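The exercises below are meant to be worked through with the sequence and the model side by side. Try each task before reading the solution that follows it.

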Amino acid sequence: MESESKLNFRRLATPITIFVAFWTLGTVLQIIGGGWFYFINFGYIGTSVGVGMGLYMILPPKKKERGRKLAQLLVGIYMLGFLGLILKENMQIEGFFFYLLTGFIAGAVLHYLVAKIIGPLLFHRVWCSWACWTAMVLDFLPYTRNKEGRLPEKWGYLRYVHLLLSFGVVTLLWYGLHYGVILQSVSEVYWLVIGNVLYYGIAITMAYHLKDNRAFCKYVCPIPVLQKLPSRFSLMKIAGNYDLCNDCDACVKMCPMDIRIPEYLKSGKRVLSTECTYCLICINVCAKKALRTSFGFDVGGLEILNTRKSLTQ
């Protein structure tokens with residue numbers, strides 16, 4: 001009984017950590033003058049992700065994905081519907097850049113700092129698998145991943161081009177055309193809606209063309225560019241015991257981001273890839289229970305990916 005309770009606690013350690021971290025952040029912001037909105041906002045997001053991840057941990061294997069999709073829907077609909085359309089916040093990356101130039105250190109700026117810049121130091125790229133409103137739609141498409149692996153590394157540079165173009169457009173409008181941002185106005189909703197229509201259109205087209213739900217995430221989305229550096233130092237990473245591994249490669253075949261997970265285990269390392277979105281699918285499909293969530297300190301950035309180039313060598 002004691003060992004079973006320890007196992008259950010280990011399974012729930014990550015969702016509990018996320019739950020506590022977000023409620024703590026909301027409490028701190030409320031105390032220093034941010035108001036009750038931030039207390040409720042971050043508490044809601046932490047609860048949504050924590051509950052979804054907790055359900056993923058305890059549900060039977062075939063039903064685990066329901067927990068992750070629930071978290072995505074709870075957070076995605078809240079951020080797009082309530083924060084975006086009702087409160088008129090532009091939650092797209094262009095909104096983040098505009099608000100920074102305006103000096104509006106709230107709303108979208110706090111969101112990007114917590115979820116995509118500072119947050120990954122603690123919880124890796126959890127946002128991408130458990131809260132992203134784009135992935136919320138993509139994960140309902142029929143393709144999990146392309147069995148041939150991901151496209152060669154150079155295609156990933158499109159993410160950097162996208163980030164620079166977004167920043168360039170904002171800079172041109174701000175400094176060149178003296179475009180003035182009117183906070184929480186209808187114009188912010190236009191930015192949000194048009195941006196998401198373009199994202200969804202490109203993402204869904206790529207998913208069907210490349211037979212890979214996460215093609216947009218791998219090659220075009222600018223958000224991983226912000227996340228990859230802090231996620232190197234993330235305390236939360238996937239760990240494992242290679243002695244238990246039977247080299248079935250189920251984790252590699254099912255990893256949405258095409259990470260060659262056993263290669264890290266062989267060298268006694270945690271999964272150090274910054275492409276990992278902490279979706280936990282690898283843990284779920286491992287028949288030998290060789291993989292687990294873990295907390296610790298190491299430096300990531302070692303990318304061992306299943307690319308189409310490497311498959312032909």
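**Exercise 1: A pair of rings**

Trp-36 is exposed, with a relative accessible area of 55%, where exposed means over 50%, buried under 20% and partly exposed in between (1.4 Å probe, protein chains only). This is a predicted model, in which local features need pLDDT of at least 70 and side-chain atom pairs count only at pLDDT 80 or more, while totals for chains, interfaces and linings use all residues. Residues are numbered from 1 along each chain as its sequence is written, and side-chain values use heavy atoms, with hydrogens and water left out.

Task: state how the rings of Trp-36 and Phe-39 are arranged, and where the two residues lie.

Solution. Begin with the general rule that a pair of aromatic rings is described by the distance of the centres and the angle of the planes. Rings of Phe, Tyr and Trp (its six-membered ring) pair if their centres lie within 6.5 Å, and planes under 30 degrees apart count as stacked, over 60 as edge-to-face and the rest as tilted. By this scheme the structure holds 21 aromatic pairs. In one of them, Trp-36 and Phe-39, the ring centres are 5.4 Å apart and the planes stand at 90°, so the pair is edge-to-face. Both residues belong to helix α2 (residues 36-58), and because they are 3 residues apart there, about one helical turn separates them; helices are DSSP runs (H or I, at least four residues) and strands likewise (E, at least two), numbered from the N terminus. Phe-39, at 21% relative accessibility, counts as partly exposed.

**Exercise 2: The neighbouring rings**

Task: classify the pair formed by Phe-37 and Tyr-38, and find the cluster that contains both.

Solution. The ring centres of Phe-37 and Tyr-38 are 5.2 Å apart with planes at 75°, so this pair is edge-to-face. Phe-37 is partly exposed at 35% relative accessible area, whereas Tyr-38 counts as buried at 14%. Together with Phe-22, Phe-42 and Phe-123, these two residues form one aromatic cluster.

**Exercise 3: A covered helix**

**Exercise 4: Positive phi**

Task: locate Lys-88 and Lys-289, and give the phi value of each.

Solution. Recall that most residues other than glycine have a negative phi. Lys-88 has a positive phi near 60°; this residue is in the loop between α3 (64-86) and α4 (93-102), and is partly exposed at 27%. Lys-289, also not a glycine, has a positive phi of about 55°; Lys-289 lies in the loop between α15 (281-285) and β2 (291-295), where its 59% relative accessibility makes it exposed.

**Exercise 5: The whole chain**

Task: describe the overall build of the chain and judge how compact it is.

Solution. The chain has 16 helices and 2 strands. Its radius of gyration is 20 Å, close to the 20 Å from the globule rule for 313 residues, so the chain is as compact as a globular protein of that length; the radius is taken over C-alpha atoms, and the rule is 2.2 Å times the number of residues to the power 0.38. The C-alpha trace spans about 60 × 50 × 35 Å along its principal axes. Finally, buried residues make up 51% of the 313 residues.
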